[in-house]
Amino acid sequence: MSQTDLAAAKADMVPESAVSTRNISKNYGDVEALRNLSLEFPRGQLTSLLGPSGCGKTTLLKIIAGLLQPSSGEVEVNGHTVTGPGPDRAFVFQDFALLPWASVIRNVAFGLEMRGVAKSEREAIAERYIREVGLAGFEHAYPHELSGGMRQRVGLARALSVDAQVLLMDEPFSAVDEQTRRKFQEDLLGLVQNEKKTFIFVTHSIEEAVYVSDQIAILLPRPSRVSEIIRPSGFRDKGADNIRRDPEYLDIVDQIWASLRSYVE
Amino acid sequence: MTVFGYRLPGMSSLIVWGLLWEIVGQMGLTFFIPPLSEVIATLFAVIGTAAFQKALAETAYAFSAGVFFAITIGIPVGILMGKNRLLDELLLPWVNVFLSAPLTALVPVLMVLFGFGMKSIVITTTLFGIWIIILNARAGVKQINRSLVEMAHSFGASPWNAFTKIYLWAALPEILGGVRIGIIRAVKGVIIGQLLISIVGFGALFELYSANFLMAHFWAVLIVLFALAFTIAEFLAYLERRVAYYAAKR
């Protein structure tokens, strides 16, 4: 194999980054939440931030979102330095963060409403994404009439409808029941394939991270740093039903647990 | 409540109390309590008189003006206090002092400052209503779910949009609760103001009737006032229930 072929193969293996964080540190007074953290998020793939509680994974996600300012370091999204929230990123909240006084369609269209999109246009877009997440028929229901899983589908549709290239998800499935969570995880795999967006996904579930991720960044606490990056490759194309039985899947789950167990109280 | 298998409509107990009043009145025990039937007859007679309608108009004016100022000043001040730490530290002690202060004692001071007229009564009404409105708006803003604020921020909401489309709605149940209590207090304020100044509105009427021992007239006007205050409070409670469906789920 020639030099150029090797370089091309390498570039193929590690695709370009949609989001990069460089030497991020974050202090709350004397408490060091993140120290000198650098991480690349490949375009069109799903990267999980995984770690024990208190490891700063949500802090990192909110810094990428522009909701928190880092004490030092910088975040680049598509080559632009982040100074605050922007239309290139959309956030999915752990507690859904829906407007309880607004119908599903208004909630889904909220991001577009804030961008000044006309009512008829934003409702047409919202309707499409409501169908896509499987909530057709619930357009005029209110959040308190929906189950936890359905509410998070609303939150997901709201993030999708603004058509941001980067989707930031903060433990999106932790407040829904186990069976709904499994369905969500399967749907998420399809979403990553079809939407061609970059997903950054915070979770504390090892199985969930290995199941849905193209790349897993393991964060260790006090202060947080990236201890390991794992890129599962073998089972992604075997279909949603077969992943959980794949030997590589099981090995990675075990390996991650072995490195995290000493940090869990 | 059901009696002998019949379902009684709400407030049927008023009939019992009305009957008791009628009996005591008919017995002629004291001039102070004329029979209810006489009071009601007087009520309809009084409602038509120019003096009553003038009093009602003046009271309605003082009340609406006072409540208008209490709401339009109280809600923004409360929201600003909830959002701004410095303003909160500056104003909160005063709001708490005035909320518990016997404001009636202030009315003579107001009379000296603003004269024996409508202006003093409007200010009295505002002072009675405004403090609880401020406190509730402040509490409403303080309890807004942090992730709703972050959500608005992350989707690029302008400060004005965040205020009108998130903060105001998220705090609405508390704000309406405060407005309801504030308005009930304002009813007291407008009557107390008129009684102490006693040359305008119902204050003048009360003065006239009690000085001349016209007890039927006195009770008739009192019933009208109680009914008005009760109706206003019930209407506001109804509005509050309209937003209760999301109050517990924010």
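Guide: Helices (H or I, at least four residues) and strands (E, at least two) are DSSP runs, numbered from the N terminus. This is a predicted model, in which local features need pLDDT of at least 70 and side-chain atom pairs count only at pLDDT 80 or more, while totals for chains, interfaces and linings use all residues. Residues are numbered from 1 along each chain as its sequence is written, and chains are lettered from A and ligands numbered from 1 in the order in which they are written.

Visitor: In the hairpin of β9(A) and β10(A), which residue takes a positive phi?

Guide: Two strands pair if DSSP finds at least two bridges between them. β9(A) and β10(A), the latter spanning residues 225–230, pair in the antiparallel sense over five bridges, and Ile218(A) has Glu228(A) as its bridge partner in β10(A). Four residues lie between the strands of this hairpin, and the one with a positive phi, near 50 degrees, is Arg222(A).

Visitor: To which strand is β3 of chain A joined by four bridges?

Guide: Strand β3 covers residues 46–50 of chain A, and its partner runs parallel to it. Within this pairing, Leu49(A) stands opposite Ala217(A). The partner, covering residues 215–220 of chain A, is β9.

Visitor: Which are the edge strands of the open sheet in chain A?

Guide: The sheet has four strands with antiparallel pairing, in the order β2-β1-β4-β5. Inside it, β1 (residues 17–28) and β2(A) share eight bridges, with Val19(A) opposite Phe41(A). The strands that pair on one side only are β2 (31–42) and β5 (80–81) of chain A.

Visitor: What is the radius of gyration of chain A, and why is the chain called as compact as a globular protein of its length?

Guide: Chain A comprises nine helices and 10 strands. The radius of gyration is taken over C-alpha atoms, and the globule rule is 2.2 Å times the number of residues to the power 0.38. For 265 residues that rule gives 18 Å, and chain A is close to this value, so it is as compact as a globular protein of that length; its radius of gyration is 19 Å.

Visitor: What radius of gyration does chain B have?

Guide: Chain B has 12 helices and two strands, and its C-alpha trace spans about 75 × 60 × 30 Å along the principal axes. A compact globule of 250 residues would have a radius near 18 Å, but the value for chain B is 22 Å.

Visitor: How many residues of α4(B) are buried?

Guide: A residue is buried if 20 or more other C-beta atoms lie within 10 Å of its own, exposed if 12 or fewer, and partly exposed in between, with C-beta atoms placed from the backbone. By this count, 36% of the 250 residues in chain B are buried. α4(B) has 16 residues and lies largely in the open, because the number buried is one.

Visitor: Which helix gives the most to the side of chain B that touches chain A?

Guide: Residues are in contact if their C-beta atoms, placed from the backbone, lie within 7 Å; 15 residues of chain B are in contact with 16 residues of chain A. At least two residues each come from α7 (146–154), α8 (159–170) and α12 (244–247) of chain B. With six residues, the helix that gives the most is α7(B).

Key: Contact = placed C-beta atoms within 7 Å.
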